[in-house]
Amino acid sequence: LAKDGRAVVLYDQLGCGRSEKHTEREWSVALFLDELDALRGELGLTSVHLLGTSWGGMLALEHVLSGAEGIVSLVLSSTLASVDEWAAEQRLLRNALPSGVVEVLDRHESAGTYDAPEYERAMDAFFDRHFYRGPKPRAELQRMGVEKSTDVYRAMQGPNEWTVTGALCGWDVRNRLGEINVPTMVIRGRHDMCTDAIAATLVNGIRGAREVVFEESSHTPVLEETDLYLNVVGGFLRDCERRVSSSRS
């Protein structure tokens, strides 16, 4: 996306990657909104395309709905507008896994043994179907495994995608989607955790939103169909930039 001459900023959020790891802070949506505001201020990002994947898309929605200025376009990649709708759809996907996998998930979730190796292997079956379906090993996934923070994930979400006990419990912006008035594209994989119903909520709720589905992908089309993903996103950004230029001339 930088090939068109634009700067691309990808940052490690608090608690992960190379950012501060202190987990004793009070984790909340507001904390991450403040972080994004601080990032834009520090780097002087007065005019931006905003792309958020999964939780990043939720944060992007919150940023736009907070009245943030200078948003040229919004790309919502494999994301959601309601955590309750998300959890319900994830449970449907979970229950469609092979019966042996579901039995293991049921047993450990009843016992609360989410860190058990057997449970983690069963979760891999879910993620192999709905998170990343491409060849392995994959350097980006290996880095994510090392740099992610389970503590922060559980503080914000909970023990898994269908059990929400963290700070995101009850999070819902469905009734505010109509407030968004920037060009928006909703993108996802055909086998995504962002299901048809979840994507439809976004597409129907945001005026003029367009949807693109990557047929060979799940939750990470940027890794599963990289060239197509970058072509689609790049084309959308260029269209939005041309619109801005035309309106100024």
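Let's start with the second largest pocket, which has a volume of about 190 Å³. By pocket I mean an open set of points on a 1 Å grid over the protein atoms alone, where a 1.4 Å probe fits, with protein on both sides within 12 Å along at least five of seven lines. The volume is the space filled by probe spheres set on the points, which are joined across faces, edges and corners.

A word on the source: this is a predicted model, where local features need pLDDT of at least 70 and side-chain atom pairs pLDDT 80 or more, while totals for chains, interfaces and linings use all residues. Residues are numbered from 1 along each chain as its sequence is written, and side-chain values use heavy atoms, without hydrogens and water.

Now, helices. I take them as DSSP runs of H or I, at least four residues, numbered from the N terminus. Helix α1 (residues 29–43) packs against helix α2 (residues 55–65) at about 75°, axes 10 Å apart; axes are lines fitted to C-alpha atoms over the stretch in contact, and angles run from 0 to 180 degrees between N-to-C directions. So α1 is roughly perpendicular to α2, a label for 65 to 115 degrees. Here Val-29, Phe-32, Leu-33, Leu-36, Asp-37 and Arg-40 of α1 meet Trp-55, Leu-59, Glu-62 and His-63 of α2, with contact meaning heavy atoms within 4.5 Å.

And the next pair? Helix α4 (residues 99–111) and helix α5 (residues 117–130) have axes that come within 9 Å and cross at roughly 135°. That is therefore an oblique pair, as angles under 35, over 145 or from 65 to 115 degrees have other labels.

Conventions: 1 Å grid on protein atoms, 1.4 Å probe; cavity = no way out; pocket = protein on both sides within 12 Å on 5 of 7 lines; lining within 4 Å. Helix = DSSP H or I, 4+ residues; strand = E, 2+ residues; numbered from the N terminus.
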